[in-house]
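Trainee: I have a model open and want to read its geometry. Can we go through it step by step?

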Amino acid sequence: MGEIEDAIERADQEAFTREPPKSLKARINFLVAQMKTTKAVAVEIGVSQRSVERYLTGERKHPPKPIADRIDAAVRARWQPKVRGRHRKQAATTTGITIETRARFGYTAPVGSTDDGRMRRLTVHLPPAYARRLFEAQQQGATDQQMRDIVAEGLQEVYFKDGGRRAAGLEVALTDIDYFDVSY
């Protein structure tokens, strides 16, 4: 996953109204309920079906860290899909998203202005249209660069061009992301 997709995932998790199950047994029970079989859970988290059965009975309580991380990721990906969906729909139709980043912005600008890229820290609220485009791109399996281009276009229009009131002809490129976060 790229920086932008990770940031969207973190924002999705902030939308949870209840915390996911904490214990290993409860997490495995949840996954089996969602995926219907212990074999499907085993394939998802990369262990044998027998290991999943041992986690269910409590025979094994402490999986290795990489497996525990995969279990956590699988649970979080399936936890409260309606809440996440409602939260995303609201951002895509009415509220928009807030981007906080520290990245290098490069420019293509008219003659007489600098086009040297430089690191900037920005916190900018983007309108719902950009949230919708970002979510659709993620669902369609867009590359990290395609998602960066959508964010760069939004920052270009809202922050750098101030909604068309200045910097006509400016083209912004988002590179060298140091930090990126999304909230909605």
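Mentor: Domain bounds come from an automatic or database domain assignment. This is a predicted model, where local features need pLDDT of at least 70, side-chain atom pairs count only at pLDDT 80 or more, and totals for chains, interfaces and linings use all residues. Residues are numbered from 1 along each chain as its sequence is written, and side-chain values use heavy atoms, without hydrogens and water.

Trainee: What distance separates the centres of domain 1 and domain 2?

Mentor: The assignment gives domain 1 as 19–79 and domain 2 as 90–183. Their centres are taken over C-alpha atoms. The separation is 38 Å.

Trainee: Is α2 parallel or oblique to α5?

Mentor: Helices here are DSSP runs (H or I, at least four residues), numbered from the N terminus. The axes of α2 (residues 24–35) and α5 (residues 65–78) come within 10 Å and cross at roughly 50 degrees. Axes are lines fitted to C-alpha atoms over the stretch in contact, with angles from 0 to 180 degrees between N-to-C directions. Under 35 degrees is roughly parallel, over 145 roughly antiparallel, 65 to 115 roughly perpendicular and the rest oblique, so α2 to α5 is oblique.

Trainee: Which residues of α5 make the contact with α2?

Mentor: Contact means heavy atoms within 4.5 Å. From α2 come Leu24, Arg27, Ile28, Phe30, Leu31, Gln34 and Met35. From α5 come Ile71, Asp72, Ala74, Val75 and Arg78.

Trainee: Is Gln80 buried or exposed?

Mentor: Gln80 lies in the loop between α5 and α6 (81–95). Its relative accessible area is 12%. Under 20% counts as buried, over 50% as exposed and in between as partly exposed (1.4 Å probe, protein chains only). So Gln80 is buried.

Methods:
Helices (H or I, at least four residues) and strands (E, at least two) are DSSP runs, numbered from the N terminus.
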